[in-house]
Amino acid sequence: MAPRPLPDILVSGRPSRSDYRILTPRTPHTRAGRAEEGFTEVELQAFQDDEANEYASQAQQQSQPLLSPHSRVPGYRSRGDDHDAQTKGRLLTPKAILVKIPLVGGSLLAALLLVLVTVSINRPGYLDSTFLESPGDFVESEEPYAPPKDHTAPPPYTATAAAPSSPSIVETRPPPDLLISYDNYSSFPLTGDQYRQECYKLMSAFMPDIAYWDVSPMGAHDVVHHDDVTDYHLPEGERTRVCSRTLTYLLDGRVGLMADLALMAQAAAFARERNRTFFVDDTHWNRGKWDDHFQGVHGLEPGPEPGCRAPPPEELVACPRTARHWVISSRTAKFHLGHSFSEAYEDPYKHQTMRQRPIFERARESFDRVIRPNAHMAELIRAARKELQEVLSLPAHSDSQESRNVAGSDKPRAGTSDAATEEQQLYIGVHIRKGDRVPAGYVFYPDKQVPLESYIKGALSTWERLYANASAGKDSGAHPADISSGRPDHFPAAPIMWLASDSPTAAREFVSAFPPATAVFGLEHSTYPQLRALAPAHEYVQAEFDEEPLADRLRLTQGMLVDFAMLSGMWAWPGEVVPAAVVCGMGSNVCTTAALGFGFDRAFGFDDDGDYSMGAINRERRRWVDVDVDGRITPEWEPFEWH
């Protein structure tokens with residue numbers, strides 16, 4: 001057979017339709033493009049579009065070998081390839097630009113609105129001052145201006161002509177990154193919860209490990225201060241300028257009375273230590289005014305700048321504690337009286353309760369010097385002690401000038417159980433807390449209540465330990481001040497007690513556990529109508545206290561102060577009767593604060609020559625008897641609690 005001639009590969013003419021076959025290049029793009037699209041020649045012709053016609057034209061007019069290296073005519077790959085090439089030139093046409101103008105404009109407007117919203121949130125009032133006010137209203141000037149007379153934040157400075165009597169104001173403004181802004185608030189002082197939120201804002205970031213009073217390496221945060229430096233030439237004794245550095249305790253009514261006083265005692269100690277003037281703010285207090293129950297703090301402790309005025313409430317700062325005008329409340333105490341406070345103020349060389357001595361003494365001094373009842377409260381406390389003496393047929397204390405000076409003097413001298421003689425310590429105090437309080441040792445009590453039997457046993461064992469047997473006499477080692485009859489059927493039978501409780505039911509059950517002749521005193525059992533009216537009618541629940549009428553809240557506050565004085569011996573006049581011990585539960589702030597009246601050594605039994613280096617309470621000599629934790633948890637005593 002003759003050899004078959006090779007077919008022509010290079011074609012210069014147009015082949016016949018029968019000899020022509022459409023060759024498809026086998027490339028990856030071909031497989032992903034036309035192969036996936038799957039259009040046939042008939043379909044392309046049916047569509048009568050430009051792509052189909054162009055494809056057919058190229059197929060019929062092909063004059064060069066496929067995949068030839070000299071061929072530069074691109075093969076048809078897919079619809080997208082040719083579509084992109086055709087539309088590239090259309091993007092910059094006037095028609096395309098006009099179509100896209102609304103989209104671009106809307107995007108720019110949305111971005112502008114987002115910026116404005118962000119600025120208004122982070123810097124309230126900035127947009128108003130920039131766009132709505134005239135430039136003349138915000139001219140910075142060193143010329144004086146008249147300060148506002150209310151407690152709202154001062155308006156921006158205005159450049160006004162200074163009259164001869166106009167005050168001279170000096171503004172102190174921290175750098176922007178250290179400025180604390182109160183622009184979102186309109187009422188001052190802030191509430192305890194609002195100050196707490198401001199502390200969270202500042203303390204939520206990384207806090208370096210620095211000493212308790214050191215300024216943060218990031219700088220000292222503070223608000224803007226406006227200082228009036230005008231010399232008014234006022235008469236001597238009238239207050240003129242604002243104190244240079246202050247510490248204010250804010251009574252916000254969120255915790256009980258004794259919880260507030262325990263925290264306030266530490267705040268007053270801070271003021272003495274840091275050379276600040278101490279103030280008490282009762283704007284938000286739910287127990288009336290501070291002066292309704294206590295003496296003014298400036299009459300007792302005027303501070304380093306006697307006669308200076310309290311700072312404007314909009315300049316008070318809760319965090320950091322290095323601010324010029326520092327404010328503390330029960331809601332912000334956790335930021336200042338936590339672990340760092342313990343590390344700074346506990347005795348690092350002692351153990352357990354002995355570590356708490358410096359903190360104990362700070363609080364005790366504050367109760368002696370700053371937290372003292374006013375004349376009306378002192379009269380009620382004196383009436384309670386006088387009744388106890390009269391019922392027991394004891395000689396009245398000396399009503400000397402020294403005694404009268406305690407309640408009304410600017411610098412009173414406190415009498416306490418620690419300073420009293422044994423002849424004055426004629427009873428023991430018992431405090432039973434029910435209501436909404438949970439015991440400190442709640443893990444030991446399934447019903448979350450200290451059993452009444454614990455208080456009864458505590459009172460009996462404490463009396464027996466301190467007074468022994470009344471019928472034994474002094475020769476047998478009995479307490480020399482014991483005046484009980486020693487017989488359960490003759491009044492006064494042991495133990496002689498002052499009972500304080502927020503629960504009338506618990507108080508009656510406690511009294512019924514003793515013989516009828518037992519001498520149990522208290523507000524509910526008082527023969528004085530003014531004292532009996534102060535007894536609580538139901539258990540105390542902090543969350544429901546605000547629902548009581550103001551008159552009842554004032555009355556219950558007075559009753560609590562009388563009970564506290566009788567339980568602790570605090571604020572005793574010279575020669576008055578005071579308790580020899582107090583039996584209570586550590587879960588109550590009344591109980592922990594009552595220890596202050598006995599002094600540190602006597603309260604915890606460290607008043608002999610024993611070795612107490614390990615800090616364990618001496619249960620044989622203690623005057624503060626806890627029936628709640630009862631030594632099962634350390635530390636056995638806490639100076640305060642924060643929430």
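Hi everyone. Strands here are DSSP runs of E, at least two residues, numbered from the N terminus. With that in hand, let's look at this predicted model.

Let's start with strand β7, which covers residues 493-501 and holds Pro-495. The bond between Ala-494 and Pro-495 is a cis peptide bond, with omega at about -5 degrees. Why mention it? In general, most peptide bonds are trans.

Now please move to the segment after β10, where β10 itself is 624-626.

Is Ile-633 buried or partly exposed? Its relative accessibility is 31%, so Ile-633 counts as partly exposed.

One more stop in the segment after β10 is Asp-630. Asp-630 is not a glycine, yet has a positive phi of about 55 degrees. Most residues other than glycine have a negative phi. Asp-630 is partly exposed, with a relative accessible area of 31%.

Finally, come with me to the loop between α18 (550-568) and β9 (578-584), where we find Trp-571. Trp-571 has a positive phi as well, about 60 degrees, without being a glycine. Is Trp-571 buried or exposed? Trp-571 counts as buried, because its relative accessibility is 2% and the cut-off for buried is under 20%.

Key. Residues numbered from 1 in each chain as written. Predicted model: local features only at pLDDT ≥ 70, side-chain atom pairs only at ≥ 80, totals over all residues. Heavy atoms only, no water. Helix = DSSP H or I, 4+ residues; strand = E, 2+ residues; numbered from the N terminus. Buried < 20%, exposed > 50% of the residue type's maximum accessible area, 1.4 Å probe, protein only.
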